[in-house]
Amino acid sequence: MNLIHNRLRLCFNSTLTKMIHRGKWDLMSAICLERKPVISRDMNDIERQFSGMLAQIELENSYKSDHEMRRKRDKLQAELIKSKSVDIDIDQTLKQTAQDFEDANVDEYNKFLFANRLTEADKKCDIHSLERKLDRHLLLLVLQKQWDRKVWVMPQGLRKDGETMLQTAERVLKETCGSKLAVNFYGNAPCGVYKFRYPKKFSESVQDCSVGAKVFFFKAQYVTGHIEQDRLTPNEFRWLGREELASNVPQEYYKTIEQFLIDE
């Protein structure tokens, strides 16, 4: 009887071990690296109307500025001098009046040339440059091999034993892009997760292979620096706008990342 129990226990443990191995998932960290807008966007019609309304309210309700008070005093002084009610002070007349100051500033403003909002990278559509789309967010995509194909995804890699998911993200970014890229991670918690299963022909050919991977995304902001050419060639990375992601990444992958990307 004990022999039967032992054999049943061994059979159960063996089946349970196989089920555990079959249900194992790899953990990966991915970096949603953004370059924030450098300049403000052009206002639309509603924004321009609202801005004009606020400016008009401010003009009607605000007190006079120092410049306006100075111009008022200058006007009063000029009227007194014209009517000969006061003696002319030579030193006072040689000082720059509020109107002179205003005219000088208007002249300087008219001579000022605003920079073009479109850069050379915009004109050439250089998707490897950070000087493109200065009024929009840019996100980093890299070309990574998955089994027998290459896909455009955010930098990602497998977690090592003893690492937190954030530490994995920091290591993966450094290994992928090099140490000359300075970024700020937003926090310790991931902003999204993407789950996918490995192809059967891949999982069946490897012993104790996981059924798939769970990718945890961590948001980070580009600060300064560049991607090292010995880590990624120009053909292996892209800085893309939000509207360009859908046509570059896999469809299911895009459905996941668009959930944690704030609309522009």
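**Figure 1. Overview of the predicted chain.** The chain holds 10 helices and eight strands, where helices (H or I, at least four residues) and strands (E, at least two) are DSSP runs numbered from the N terminus. This is a predicted model, in which local features need pLDDT of at least 70 and side-chain atom pairs count only at pLDDT 80 or more, while totals for chains, interfaces and linings use all residues. Residues are numbered from 1 along each chain as its sequence is written, and side-chain values use heavy atoms, with hydrogens and water left out. Of the 264 residues, 30% count as buried, a term that stands for under 20% relative accessible area, with exposed meaning over 50% and partly exposed in between (1.4 Å probe, protein chains only). Among contacts (heavy atoms within 4.5 Å) between residues at least 6 apart in sequence, 73% join residues at least 24 apart.

**Figure 2. Strand β1 and its pairing partners.** Strand β1 spans residues 25-35, and eight of its 11 residues are buried. Two strands are taken to pair if DSSP finds at least two bridges between them; by this rule β1 is joined by 10 bridges to β7 (residues 212-225), and these two strands run parallel. Three bridges link β1 to β4 in an antiparallel arrangement, and two link β1 to β2 (residues 138-146), also antiparallel. S29 stands opposite F216 in β7 and opposite G157 in β4, whereas R35 has L138 as its bridge partner in β2.

**Figure 3. The surroundings of E163.** E163 lies in the loop between β4 (156-158) and α7 (165-177), and with a relative accessible area of 15% this residue is buried. The side chain of E163 reaches the backbone nitrogen of K160 at 3.1 Å, a polar contact being a pair of N or O atoms within 3.5 Å in which, within protein, one must be able to donate a hydrogen and the other to accept it, and residues adjacent in sequence count only if both atoms are side-chain atoms. When residues up to four places away in sequence are not counted, E163 touches T168 and R171.

**Figure 4. The crossing of helices α3 and α5.** The axes of α3 (residues 66-82) and α5 (residues 98-111) come within 8 Å and cross at roughly 130°. The two helices are therefore oblique to each other, since angles under 35 degrees count as roughly parallel, over 145 as roughly antiparallel, 65 to 115 as roughly perpendicular and the rest as oblique. H67, R70, R71 and D74 of α3 make the contact with A98, Q99, F101 and E102 of α5.

Conventions
Axes fitted to C-alpha atoms, helices over the stretch in contact; angles between N-to-C directions.
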